[in-house]
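Let's take a walk through this structure together. Keep the 3D view open and look for each piece as it comes up.

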Amino acid sequence: MIPIARRGLGLLLIVTCATVWVVSSGMSRRQLRTRTCQGKGKLEVTVTDSLERRFVGKENIEEWLDKEYRAYAGLPLDSVDLNRIEHIIQSHSAVKDCEAWLTDDGILHVQLSQREPVVRFDDGKNGYYADATGFIFPLQARGEADVPVVDGQIPLRIPRGFKGEPAEESEKQWLAQMVDMACAMKDGVWKKNISHISVSADGNLTLYPTQGQERFLFGPPVRIQEKLNLMERYYDTVAPSQNPGYYRTVDLRYRGQLVCRQ
């Protein structure tokens with residue numbers, strides 16, 4: 001009789017747990033239908049990447065949802081389309097990834113990461129960033145990234161407001177070279193000393209320092225690290241041995257040679 005009693009108690013426990021689960025899940029569904037989203041006044045936005053880039057803030061998320069989702073405040077929690085909210089936010093060029101969720105108190109939470117520019121281009125009519133993957137996106141109304149600026153005869157045909165990759169293979173290749181160069185210049189003497197890079201009509205690059213009159217003749221964006229090493233040698237050994245402004249041009253185009261001219 002004892003084993004039978006134990007089996008009976010076990011069965012009763014299973015039935016009880018199942019009943020509790022059914023009741024609680026029903027209550028959860030009813031709660032989702034009766035509890036409502038509190039709207040933008042209670043919106044919680046978290047930007048997970050560096051504080052140096054503030055392209056996107058809470059007010060931007062509020063504006064985008066007001067325009068593109070419209071009435072989400074006051075909706076039952078189970079009627080708020082979180083996938084659509086994520087799609088709306090991620091459609092904006094400065095946003096790399098986004099996740100949205102609701103808590104039981106009706107608060108909409110948005111967590112996002114921003115695109116990280118490594119270089120900025122300015123062709124005189126249009127300005128835009130590129131990240132380390134070669135993804136191009138427009139300059140942002142809010143915030144500015146401290147990255148190398150490339151101007152002059154830029155061989156990219158990028159319309160205003162464009163985001164994505166160039167269509168032409170030759171443009172993709174040149175952009176990849178410039179991105180590699182910008183990434184190589186993120187630290188060291190280059191980040192501290194070079195203000196911008198200019199592209200001539202023949203595709204050669206000239207690097208301009210933040211201080212001093214030197215012009216670094218870089219040539220096309222090839223053998224990048226080798227040329228940057230030559231520039232580092234100039235700042236470490238050549239420049240300290242002369243008065244400021246002694247050299248007007250520093251030619252980095254020749255393999256293993258640093259040619260300085262007055």
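Tyrosine 69 is buried, because its relative accessible area is 8% and buried means under 20% (exposed is over 50%, partly exposed in between, with a 1.4 Å probe and protein chains only). Tyrosine 72 is buried too, at 2% relative accessibility. Keep in mind that this is a predicted model, where local features need pLDDT of at least 70 and side-chain atom pairs count only at pLDDT 80 or more, while totals for chains, interfaces and linings use all residues. Residues are numbered from 1 along each chain as its sequence is written, and side-chain values use heavy atoms, leaving out hydrogens and water.

## Rings that pair up

There are 10 aromatic pairs here. To count, rings of Phe, Tyr and Trp (its six-membered ring) need centres within 6.5 Å; planes under 30 degrees apart are stacked, over 60 edge-to-face, and the rest tilted. Tyrosine 69 and tyrosine 72 make an edge-to-face pair, 6.0 Å centre to centre with 85 degrees between the planes.

What about phenylalanine 121 and tryptophan 174: how are their planes set? They sit at 45 degrees, with centres 6.0 Å apart, so this pair is tilted. It links distant parts of the chain, as phenylalanine 121 is in strand 4 (residues 117-122) and tryptophan 174 is in helix 4 (residues 169-184), 53 residues apart. Both phenylalanine 121 and tryptophan 174 are buried. Elsewhere, ring pairs tie Phe55, Tyr129 and Phe137 into a cluster.

## Charges over rings

Some rings have a charge over them, which takes NZ of Lys or CZ of Arg within 6 Å of the ring centre and within 35 degrees of the ring normal. Tyrosine 69 is back for this one: arginine 84 lies over its face, 4.5 Å from the ring centre. Likewise, arginine 115 has its charged end over the ring of phenylalanine 135, 3.7 Å from the centre.

## The sheet and its helices

The protein has six helices and 12 strands. These are DSSP runs numbered from the N terminus: helices are H or I with at least four residues, strands E with at least two. Nine strands build an open sheet with mixed pairing, in the order 6-5-4-7-8-9-10-11-12; strands pair if DSSP finds at least two bridges between them. At the edges are strand 6 (136-138) and strand 12 (259-261), each pairing on one side only. Strand 7 (residues 149-152) and strand 8 (residues 194-199) run parallel, joined by four bridges. Glycine 152 stands opposite valine 199 in strand 8.

Which strands does helix 4 lie across? Strand 4, strand 5 (127-131), strand 6, strand 7, strand 8, strand 9 (205-209) and strand 10 (215-219). Helix 4 runs at about 125 degrees to strand 4, where axes are lines fitted to C-alpha atoms (for helices, over the stretch in contact) and angles run from 0 to 180 degrees between N-to-C directions.

## Helix 2 and its neighbours

Now find helix 2 (residues 58-68), whose buried residues are Asn60, Ile61, Glu62, Trp64 and Leu65. They pack against strand 1 (44-47), helix 3 (82-90), strand 2 (95-102) and strand 3 (108-114), with contact meaning heavy atoms within 4.5 Å. After helix 2 comes arginine 70, with a positive phi near 70 degrees.

## The whole protein

Zooming out, 38% of the 262 residues are buried. Of contacts between residues at least 6 apart in sequence, 54% join residues at least 24 apart.
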